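Student: Could you take a close look at one part of this model with me? I'd like to go through the salt bridges.

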Amino acid sequence: MSSVDKQLENLQAEIEAELPSEISVSDVKYEGPELVVYTRHPKQFARNGDLIRKLASKLRKRITVRPDPEVLTPPREAEAQVLDVIPEEAGVTSLDFHEDTGEIVIEAEKPGMVIGRHGSTLRKITQEVGWTPEVVRTPPIESATVSNVRNFLKQEREDRRSILERVGRQIHRQELSNDEWVRITTLGCCREVGRAAFIVSTPETRILVDCGDKPGAEGEVPYLQVPEALGAGANTIDAVVLTHAHLDHSALIPLLFKYGYDGPIYCTEPTRDLMGLLTLDYLDVASKEGRTPPYESEMVREAIKHCIPLEYGDVTDIAPDVKLTMHNAGHILGSAVSHFHIGDGLYNVAFSGDIHYDDTRLFNGAVNEFPRVETLVMESTYGGRNDYQTDQEDSERKLLDIIRETHDQGGKVVIPAFAVGRSQEIMLVLEEAMRKGDITEMPVHLDGMIWEATAIHTTYPEYLRDDLRDRIFHEDANPFLAEQFNHIDGGEEERQDVADGDPCIVLSTSGMVTGGPIMSWLRHFGPDPDNRMVFVGYQAQGTLGRRIQNGWDEIPVNDRNDRGRSSTLTLKMGVETVDGFSGHADRQGLENFVRTMNPRPEKVLCVHGDESSVQDFSSALYHEFNMRTFAPKNLETFRFK
């Protein structure tokens, strides 16, 4: 008998000793980080409301109780009983019964009403029919991505269960080494922005944190070939942790499966969906530009299938000697500061990912309170000594002034923006300004993936700022459904109509002008001096966006009628930059994150910034807080303990 089987046998005995005599346990299994308990008496389990919580506390495990399939109420009969329990105003849109696991997936417009106070309605459902309910939100704006991901995971349930069982056994395997140390190896994004990737290793475990590409630098990928990473084989990596879905952190996650990785990806649920959206678009853009994509779309599906979604604040075993907790990073939907507790109190490392310290219209500011942190791996995008952004109110005022002025002279405004995060922030500013009469009402055209990304935001309102969440819950107040927003889905013909029409605003991907529909808007709007291009997000070195920002007015563009040929476009439209909308903290925000961090770390590795930015920021932290700081290069290894 393996050590895991013996462990499960002992756990079953412990659970049975804690249960009332009328409740039996038929099986106990690990599925990913969770312990799944099968019982022939699910209704009795549900009547004892605190039983699962007490078991979880005693065993220090995340516990899910499932009914033995033999004792289930037949689905047709159960459906009527379930709908009778759930309040009608919950807006149930579908019930999906899975007889192999005894689970029922309930999709509803108001999931909170299905859950009930402290889970009371869920328990009542199990008391009535024996099935274990799982609740998901019906997207207020229809999302092809959310629908496709849910349908795909439904089709792959059996395969996914076997993946989770294998991962669970791997997590709970016996530790083999008595050595105690922690290493962090930098595989990318050091003294540069982009291709984020790190290895956290112990004698027992190796974890890859992020795996992105470098904007505007085709072919510059993380150093995955080194022995610390994939050089010893992809399956020597125990787990992947994805801090958020932006491509400079996520683009090459599917590539791992091409190389033979078959383990879990830990991220939040919206990060999983956004990763699917952005990586598929990444492949599509590469194909349209005549580049060979680094992997096939099948690898994106594999990545989604291997995702294990975590909620903020959940402490989760991801290896025999590592616990992971994700916290809100305030950067984009689902972005996470990732905290690793290593060993039995041995060492604690936090990866900031990308953060925004202050509250924004979309998100609460980044969390920086932890039980313990010895080392912080900290983004430094705006870490330079002069990287202070304009106050958000001033930024909004400046943006509205530019729009007002451009409208009055009969021009149009195009705003290159990331589909995820900045676009929704700008949408909220424009919706409020038009509603209050601060600017003239005019069409706001959303091109690229912006509308789809917005739909995903409305699917996960619990990840948004409290007041915005409340507005989304009330359909007539949902700001993203304002009538001035128009999704461009008619391609080039519709763009031409917009270009020929009245003054308007266009929000378009790509945010750094590295490809996608923004190139078409450059052709349409660029030659007219009455038009304006307004940058509201970071423009990385080497990108066309940075060059335009720096004054380039001769722009290479692909000829629409002759694939592969490029020509030069002379830009005559005005170019403006409005700071303050970035999803990244500025220098002050970065310093405040560290200043107010509880506890303050002993060491900080300053990464994810241009060379001068990381060195300036590292030096400032050292002088201000008297802590050990580093501005590492790629392929450096830091050993602790």
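Predicted model: local features only at pLDDT ≥ 70, side-chain atom pairs only at ≥ 80, totals over all residues.

Student: Are Glu192 and Arg195 buried or exposed?

Tutor: Glu192 and Arg195 are both buried. The two form a salt bridge, and their closest N and O atoms sit 2.6 Å apart. As a bit of background, side chains of opposite charge can pair when their charged atoms come close. Searching the whole structure turns up 51 salt bridges, so let's pick out a few others.

Take Arg361 and Glu396, whose side chains meet in a salt bridge at 2.7 Å, N to O. That pair ties together distant parts of the chain, 35 residues apart: Arg361 is in the loop between β16 (347-351) and β17 (375-379), while Glu396 belongs to helix α14 (residues 392-408). Glu396 has a relative accessible area of 12%, and because the cut-off for buried is under 20%, Glu396 counts as buried.

Arg471 and Glu431 also pair up, here with 3.6 Å from N to O. Again distant parts of the chain are linked: Arg471 lies in helix α17 (residues 466-473) and Glu431 in helix α15 (residues 422-436), 40 residues apart.

Conventions
Residues numbered from 1 in each chain as written. Heavy atoms only, no water. Salt bridge = Lys/Arg side-chain N within 4 Å of Asp/Glu carboxyl O. Buried < 20%, exposed > 50% of the residue type's maximum accessible area, 1.4 Å probe, protein only. Helix = DSSP H or I, 4+ residues; strand = E, 2+ residues; numbered from the N terminus.
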